[in-house]
Amino acid sequence: MSYITDRLRAEAAAAKGRQDPQPVPGQMFEDVLQHATVKRRSLLKGGFGATIAAAFGSASLVACGGGDDDEPGTSYSVGFKRVGATTGDNVIVPEGYTASVMFSAGDAVVAGSVPFTGAFLGSADTERFAGGQHDGMHFYELPGVDPNRGGLLAINHEAPDARILFAGGAIPAAPTAEDRRIALSSVGVSVVEVELFNGNWRVKPNSTYNRRYTGNTVFNVNGPAASVVGATVVGTLNNCASGTTPWGTYLTCEETTDNYLDPSQPDEGYGWVVEIDPRGELTGLPTKRTALGRFDHENTAYMLSAANDLAIYMGDDSTPGCIYKFVCSGKYNPANRAANVNLLDSGTLYAARFNADGTGQWIALVQGQNGLVAGATDPGNVTQGPQTPATIDFNTQADVLINTKAAARVAGATLMDRPEWITVGPDNKIYVTLTNNGGRQVTDAANPRATNPHGHIVKWTEDGNSPLATTFRWEVFMLGGDQRLTANNQKGNIVGDTFSSPDGICVDPQGRLWVQTDAGTGSSITNTFGNNAMYYVDQTTKQSTRFLVGPDGCEITGLTYTPDLKTFFINIQHPGGTWPSNVQGNTLPARSSTIVVRRTDGRPVGA
């Protein structure tokens, strides 16, 4: 989740009469504005958030992230030379590596589309070029194509890069219907075919696989809540991080439960996991899968057993939010891709309780169980201080799924410090990043710091290493921060290169753990940690080594790779200077972009 989401989601809540917890003082949006005093009215003057409010009324457009193909004798042991904690308007990678820009907001996607080259275009064109705020993504193999030289990238677009859409870099104060279509065309997903061409990776021009899914696209709705939500919903919104399935579909996650699209359409249409087939072959897709619950989804990660039992793990990127697991009723069918199309529509949704003794339970969010009945009492976000309990009726499973946040609280799940990405390693060890929670007043074993400014990472193991397990064992793996800081809740316990606000996290097929950060970008953060960056963390020693540093103002998010791990694709979101134009030799505005990181000697990245 980017600082844009952090502020604009609060704006949306305030517009609807809710008082959501505020960002950590000195971080997020405040840092980006160089500690200026920003009030709602002044934000509306030319900032993206206010133009969205003008465009969509009281709601808000918010932004927020291979397989194993060993070669004989190939070493994946980590040995890169660390990079320092730096600032500056460029991407910094270790000695012996290259980082090149491959795909930016406004680039051509759909065959025959017109890219942004400086002249502002209408919705018929913006609907066909790359959306903004690149976030989660995944690389997919294509039949008949060497996957180390080509394939498909599915890429989330969390919010518009408004500077490539409208003169002045903002939606007009009195937007027309066309202005709204343009803004909504810039969220959603891009699917692009990529290829290694003349030694460099590029988007394959005019590929028949290239397509866009946007805030204007019509999506199917399946699962237990479809009878309430409706058969279709217009638009996918706030596409933050993502995940994949064993049958090769893409799960894009909506990190908003607020509807800013059209007041005539209810909020219940948003806040879901949406399944897309990157190859465009499976019928019935794209589809919002309501059985997985409605909340501020960050990403998904799956665990598959030898018997083809499947669990999907998810975090609610709220301050605070819970951690969830969905266990499918049916089994994955590896022999028939199409047979898995509706596998995510039937199963049990659970929320996690982290006990003080290091054990945990998965609590079923099923109507009639664990207090999920008519007249239930929702205690509210009690970690943030005294709350006023509310009565909520869970009469059907649709009620539970539409009001998943409240259902988890009623059932007794643990409220965590903004759960973001979850990753499941080859050894079935599971990690989740808890980015921060500046409003926490009540601590617990899994969230041990009040006003947690720098976040932490929690690790757990399912009992029996089974996706079907209802119990697990957990530990606090790492506390963000730096020993040079004064306050005890800011010091952390990181060995090596320190960081703040872990966000993206991934264990690659060789079991190597990578962490990406989304900390504030003002001097109060960068003087200690440098710009947001990507780190390798040894799972045994917990030694942290900085691998990549992003340009000023950005968040590092999204990580995927070719099967041989010789090519890493990484997203740079909301750069604040002139990058990537300063390295491409043009005068276009700064834009979110996908970069390609490789070694100059052709060995695997990280080795």
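**Sheets, cores and aromatic pairs in the predicted model**

Thr423 has Tyr431 of strand 21 as its bridge partner. The structure is a predicted model, in which local features need pLDDT of at least 70 and side-chain atom pairs count only at pLDDT 80 or more, whereas totals for chains, interfaces and linings use all residues. Residues are numbered from 1 along each chain as its sequence is written, and side-chain values use heavy atoms, with hydrogens and water left out. Helices (H or I, at least four residues) and strands (E, at least two) are DSSP runs numbered from the N terminus; two strands pair if DSSP finds at least two bridges between them.

Strand 20 and strand 21 are joined by four bridges in the antiparallel sense. Both belong to an open sheet of nine strands with antiparallel pairing, in the order 13-14-15-16-17-23-22-21-20. Its edges are strand 13 (297–304) and strand 20 (419–424), each of which pairs on one side only. On average, and with direction ignored, neighbouring strands of this sheet are turned by 30° against each other; axes are lines fitted to C-alpha atoms, for helices over the stretch in contact, and angles run from 0 to 180 degrees between N-to-C directions. Strands of a sheet pair through backbone hydrogen bonds, either parallel or antiparallel.

Arg440 is located in the loop between strand 21 (430–434) and strand 22 (456–462). With a relative accessibility of 0%, Arg440 counts as buried (buried means under 20% relative accessible area, exposed over 50% and partly exposed in between, with a 1.4 Å probe and protein chains only). When neighbours within four places in sequence are left aside, the contacts of Arg440 (heavy atoms within 4.5 Å) are Thr383, Gln384, Leu415, Met416, Asp417, Asn447, Arg449, Ala450 and Thr451.

A nonpolar core is taken as a set of buried Ala, Val, Leu, Ile, Met, Phe, Trp, Tyr and Cys residues joined through side-chain atoms within 4.5 Å. The largest such core has 47 residues, of which Leu292, Met314, Tyr324, Phe326, Leu365 and Phe394 touch the most other members. At least two residues of this core are supplied by each of helix 7 (226–229), strand 10 (250–254), strand 14 (310–316), strand 15 (323–328), strand 16 (347–354), helix 8 (397–402) and helix 9 (404–411). Helix 9 gives the largest share, five residues. Beyond its neighbours within four places in sequence, Phe326 is in contact with residues including Ala291, Leu292, Leu310, Ile312, Met314, Leu343 and Leu349. A second, separate core comprises 23 residues, among them Phe80, Val91, Cys506 and Ile595.

The structure holds 23 aromatic pairs. Rings of Phe, Tyr and Trp (its six-membered ring) pair if their centres lie within 6.5 Å; planes under 30 degrees apart count as stacked, over 60 as edge-to-face and the rest as tilted. Phe80 and Trp514 form a stacked pair, with 6.4 Å from centre to centre and 25° between the planes. Phe80 lies in the loop between helix 4 (48–56) and strand 1 (97–104) and Trp514 in strand 26 (residues 513–517), so the pair ties together parts that are 434 residues apart in sequence. Phe80 is buried at a relative accessible area of 9%, and Trp514 is buried at 0%. The ring centres of Tyr97 and Phe547 are 5.4 Å apart and the planes stand at 90°, so this pair is edge-to-face. Tyr97 in strand 1 and Phe547 in strand 28 (residues 543–549) are 450 residues apart, and their pair links distant parts of the chain. Tyr97 is buried, with a relative accessible area of 9%, as is Phe547, with 0%. Phe80, Tyr97, Trp514, Tyr536, Phe547, Tyr561 and Phe568 form one aromatic cluster.

Two members of this cluster, Tyr561 and Phe568, are also bridge partners, with Phe568 in strand 30. Strand 29 and strand 30 (residues 568–573) pair in the antiparallel sense over six bridges. An open sheet of four strands has the order 1-31-30-29 with antiparallel pairing, and its edge strands, strand 1 and strand 29 (555–561), each pair on one side only.

Elsewhere, strand 2 (residues 134–140) is mostly covered, with seven of its seven residues buried. Strand 2 pairs with strand 3 (residues 150–157) in the antiparallel sense over five bridges, and His138 has Ala154 of strand 3 as its bridge partner. Gly520, in the loop between strand 26 and helix 11 (523–529), is buried at a relative accessible area of 3%.
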